[in-house]
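Thanks for sending this one over. Here are a few notes for you to read with the structure open beside you.

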Amino acid sequence: MSSKQRLSFETLNDLPETVQRPSYDPREVKAGIVHLGVGAFHRAHQAVYLDDLLGHDPQWAIVGASLRRADMRDALAPQDDLYTVAVRSGEGMALRVVGSIRAIHVAPQDPEALLAAMSDPGIRIVSLTVTEKGYCHDPATGDLNPEHPDVKADLADPRAPTSAPGLLVEALRRRREADIVPFTVMPCDNLPANGPTVHRIMAQYAALLDDDLARFVEHDVAVAGTMVDRIVPATTDADTAEIAAALGLEDAWPVVTEPFTQWVIEDRFPTGRPDFGAVGAEMVADVEPYERMKLRMLNGSHSTLAYLGYLAGYETVSQAMADKAVERLVRTMMSEEVMPTLDMLGTDLGAYRDALIERFHNPALKHRTWQIAMDGSQKLPQRLLGTIRDRLAAGAPIDRLALGVAAWMRYVTGTDEKGEPIEVKDPLAGRLKAIGEEAGRDPQALAKAYLGVGDVFGRDLKDDPAFVEPVTRALASLLQKGAAATAADFAR
Ligand code: CS2
């Protein structure tokens, strides 16, 4: 770092006038929420809504936790947990310093401190962004995976858990024992039906410990599902340097995002909640239609763009979108294959699609295809396969969706079109690579081998010719012609 001063309580007043800063005194607020998974997404999304909220209600500050690494805590602690959100668009960069996160725990270093925070009567919500794989479930069924190594470790030592289900259930058990009302759990990850899914995973975990605890988790704990949306690429060193120059202060880990933000929350908080509606969140009785729309339209397109785009040699989403064939492919996939599966009364899906296309084009966001390609085995079911199942049930074609699936298969073989290795990040990466090596480059054999991965495809799809044939055709084209030419063919 250079000799510039660090962002902190002390230096808040030195910021340029153009930088928005907390409208409240971050030293005076009270914690009401524990958040598991203080990554870039949480800091650019929920923490920003709460930063707005603290201006009129100081009892909802966030105590954050990292479930694996200490790097976020180490970066933010010397700056009083303040950090910058940089909103990038064609119009430039708008900066804002956020103060809603008031502490960060590192679970593996001190699980007791985190559990104590979660058991504090002042905490009424525990929210999560731990990514799809953080829930330790089987992505095809949505059930807890009792064989998951973190789950096994927590079951062996349930009072000192480190997994998300383990921490939630242990904290709820402690509250119950101490006669403190349970917190409401609020998952903010891109899981299908994230409320019911997380509730089920917690109850299944609890059932492996004690039936009575499982009944309590099932009946006396509320889980509020949410739909969250904001594109937040990983911060680069160039971003950090540019932001420091604009602030006149060092910020070790700012976040970069787009202007758009959306948060839809199921209104199910029996023990109290902030007035989320006052700061722009939408409170609804049933969040599932919103989640389905967002997962299938935005994230389904994103994953397709990630695999096809990466294979075609595009480093970022906006570069892939600048290829007219790719843009057309994504647009027609949404219009013809995804939108007919959605039942969104009162929402103009065409306008939603057009807005997504515009967001994907944002040239100021360097959102790497490789970043979105991560953890595909955990993402595919809710992003593409649910849509595909609905289309198959309706006897409707799925060619473009099948191309998305085939592009994932081609990607996880671990070798790109030039024969260079791809750094595949996925909990199943090793297995997926081995499958690719064993099956070779015959499209039929390769598709068949990948379709046998039950954690992703379940048991129903691999024997359905209406699914297997288009996937195999698309994979054959990817292997023979490459991603760019295949996208052009499928865009027609
Ligand atoms: C992306 C999402 O990385 C990914 O898988 O598809 O993080 C996406 O940017 C967000 O869901 C947007 O709300």
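1. A quick word on terms before we start: helices and strands here are DSSP runs, numbered from the N terminus. Please also keep in mind that this is a predicted model.

2. Let's begin with the ligand. Its shell is made up of 13 residues, and Asp229, Lys294, His302, Lys379 and Arg383 are the closest. By type, five residues of the shell are charged, four are polar and four are nonpolar.

3. Which elements each supply at least two residues of that shell? They are strand E8 (226-229), helix H10 (288-311) and helix H15 (376-393). Of the contributors, H10 gives the most, with four residues.

4. Now the domains. Residues of the shell come from both domain 1 (12-286) and domain 2 (289-491), so the ligand lies between them.

5. Several polar atoms are worth a look around the ligand's oxygen atoms. In the side chain of Lys294, an N or O atom is 2.7 Å from a ligand oxygen. Asn299 has a polar side-chain atom 3.0 Å from an oxygen of the ligand, and for Arg230 a polar backbone atom is 3.0 Å from one. On its own the ligand has 340 Å² of accessible area, and the protein covers 88% of this.

6. Arg230 also leads us to Thr257, as their side chains make a polar contact (3.4 Å). Thr257 belongs to strand E9 (residues 255-257). Is Thr257 buried or exposed? Its relative accessibility is 0%, so Thr257 counts as buried. Beyond its neighbours within four places in sequence, Thr257 is in contact with residues including Ala44, Val85, Ile231 and Leu365.

Key
Residues numbered from 1 in each chain as written. Predicted model: local features only at pLDDT ≥ 70, side-chain atom pairs only at ≥ 80, totals over all residues. Heavy atoms only, no water. Near = heavy atom within 4 Å. Polar contact = N/O pair within 3.5 Å; in protein donor to acceptor, adjacent residues only side chain to side chain. Areas by Shrake-Rupley, 256 points an atom, 1.4 Å probe, with all protein chains shown as cover. Nonpolar A, V, L, I, M, F, W, Y, C, P; charged D, E, K, R; others polar. Domains from an automatic or database assignment. Buried < 20%, exposed > 50% of the residue type's maximum accessible area, 1.4 Å probe, protein only. Contact = heavy atoms within 4.5 Å.
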